Amino acid sequence: MDDLTKTRMDQLVDHIMKKCLWQFHSRAWDRKDQNAGILGKTTELLCGDKPKTDTPADRCYWVDAVCLAEAYKARFEWINTLARDEIRALMKAVHERMDFLTVTGSLNAELTDQHY
Amino acid sequence: MPYHEFNCSKCIPERKKHAVIKGPGEDLSMALPLGYLNTIPGVISERGCAYCGAKHVIGTPMKDVIHLSHGPVGCTYDTWQTKRYISDNKNFQIEYTFATDMKEKHVIFGAEKMLKQNIIEAFKAFPDIKRMTIYQTCASALIGDDMQAVADEVMEEMPEVDIFVCNSPGFGGPSQSGGHHKINIAWINQKVGTIEPKITSDYVINYVGEYNIQGDQEVMLDYFKRMGIQVLSTFTGNGSYDDLRAMHKAHLNVLECARSAEYICNELRKRYGIPRLDIDGFGFEPLSASLRKIGLFFGIEERAQAIIDEETARWKPELDWYKERLRGKKVCLWPGGSKLWHWAHVIHEEMGVEVVSVYTKFGHQGDMEKGISRCEEGALAIDDPNELEGLEAMEMLKPDVIFTGKRPGEVAKKLRVPYLNAHAYHNGPYKGFEGWVRFARDIYNAIYSPIHQLSFLDISKDEIPADKGFVTRRMLSDAGLGEDVRNSAALRQYTGRMDCIAALRKKTYPEFLPKPKPAFLEPAGAA
């Protein structure tokens, strides 16, 4: 990953870690679903696509995605200049980093505890 | 983010992994304190027990209920004058507390007969109350009293009453958090789905993990009603027993305190398909985002935006008055539970204070993940601290104020650190836009109290100055401010009422014209 992409990815990840709560559900599988659902729909919104919202769960992911996409556009103006492919690549990196911080690299020993 | 070893705990090496300092550029994959483990013998933990978590934290805020502890009378210690989860039915649930008063003879011969007598006696003493929760304690768990059988017997004899049994003895977990889990699961297993509510809106939510500390729930309820949303139940502050039996009929669970009540949200999601949306009720920006999210979910975001615009215009100049005067003050954020992460970033951003330490007494590692993510670099994060560690941390960090419970708060005063009650509040509610200004006002009053200034004199050695005249908070707080801030016409001190809840209880709300519903929104509870 080049320096510019890494800097941008860190900014986007930092925003989530400080401002959001959805990434910290208490089970590992739940965190994976949250990251995939919300970041997937955020990517679609940033690319100008219309995400599916036809189930209550999709609607919930979409709500957090709308807030995140709006915040990204307002706080990081450079994101408005990126092409769709660049956005997809960047958000893929964000997704991988979020999965690492909250699931695979997490030191939270309770994530897979049967008796959470 | 290296582990931090307290000098006072060098003789307890296990404690070393319970504290970390958030280093520059470090993230959660590098270090995280341990949490939610059995208390280390000898550390003098400040935790409560699992019974306390089930009964005193989650159960008792239910308002129209006789809360009966099956055990020694001492287990009921925590009620009126300590807890401030008020209700709109004259605080019945905290005005009275009930115990079966188990003694040695009951431990030897059993206490089921006595329990039945107590249940009937309590219902007769309060004939208007038809609902009861019974909480197991260590004593009744150890002798194996079958509380459910007794409750079933009474319900058969008195068909008008309904009883919930919670088996969460004090030893049922490392801390009160174990009790949160047990009562959540017991409630959904025994009671959810046993009553059909009247649905009065197209938009129906459960408000979960909210305990109505000094009226917090009622402030949030006002916003929801102004959006035309029906709050089916609140788990459990100011919540009605029967409303909480109908949680399965909501469209959405709005979750405030994750670790005390996410269990029931997760179960409602799995069993009934009701999604979970986590929100913040504290701070202008997080609260605005929360209302907007709920509005977006239902397709009524313009109603949320109208509230945000109105409330921000009304209260922001007052918040900013305090921000100018609190900027740079150092805070130890030691609330015990969820305020760790509800407040960690937003008091910094919206009040200008520096969070130098966070702690949790009974939180899980997940709670600490949220707190550490949100607090600032250099902050000391401590899991389950004891009194000596608290004293050492304050001597090292030299905070201007501490937000904590009253026991550690009184300890802080000995070091001349003013404290603000983060559990029961000083002059809450603190939720909502106005509440956030009340919080800022209380912080300001704590830091700049002229009386508190006197505590910095050590009368055993300092000379008492005779040339110092009368001072006010304003004189202390404004000494270093520029002329433009001191005399700003735009900023002003808090102008709300001492009691901001009474008026809400009398308020009437507008009826909204029906809107086309989003496709996903089936009739409440149909999922």
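Student: What pattern does chain A follow along the sequence?

Tutor: In this predicted model, chain A reads α-α-α-α along the sequence. Its secondary structure comes to four helices and zero strands, where helices (H or I, at least four residues) and strands (E, at least two) are DSSP runs, numbered from the N terminus.

Student: Why is chain A called as compact as a globular protein of that length?

Tutor: The radius of gyration is taken over C-alpha atoms, and the globule rule is 2.2 Å times the number of residues to the power 0.38. For 116 residues the rule gives 13 Å, and chain A has 14 Å, which is close; therefore chain A is as compact as a globular protein of that length. Along the principal axes, its C-alpha atoms fill a box of roughly 45 × 35 × 20 Å.

Student: What percentage of the residues of chain A count as buried?

Tutor: Buried means under 20% relative accessible area, exposed over 50%, and partly exposed in between (1.4 Å probe, protein chains only). Of the 116 residues of chain A, 54% count as buried.

Student: Why is B:Ser240 called buried?

Tutor: The limit for buried is under 20%, and B:Ser240 has 13% relative accessibility, so B:Ser240 counts as buried. The residue lies in the loop between strand S7 (230-236) and helix H9 (241-244) of chain B.

Student: What makes the pair B:Ser240 and B:Asp64 a polar contact?

Tutor: A polar contact is a pair of N or O atoms within 3.5 Å; within protein, one must be able to donate a hydrogen and the other to accept it, and residues adjacent in sequence count only if both atoms are side-chain atoms. The side chains of B:Ser240 and B:Asp64 are joined by such a contact at 2.9 Å. Leaving aside neighbours within four places in sequence, B:Ser240 is in contact (heavy atoms within 4.5 Å) with B:Lys63 and B:Asp64.

Student: How do you know that helix H8 of chain B is mostly covered?

Tutor: Ten of the eleven residues of H8 (residues 216-226) are buried, among them B:Val219, B:Leu221 and B:Phe224. Their cover includes strand S6 (204-210), helix H11 (284-298) and helix H12 (301-326) of chain B. Just after H8(B), B:Gly228 takes a positive phi of about 80°.

Notes. Residues are numbered from 1 along each chain as its sequence is written. Chains are lettered from A and ligands numbered from 1 in the order in which they are written. This is a predicted model: local features need pLDDT of at least 70, side-chain atom pairs count only at pLDDT 80 or more; totals for chains, interfaces and linings use all residues. Side-chain values use heavy atoms; hydrogens and water are left out.
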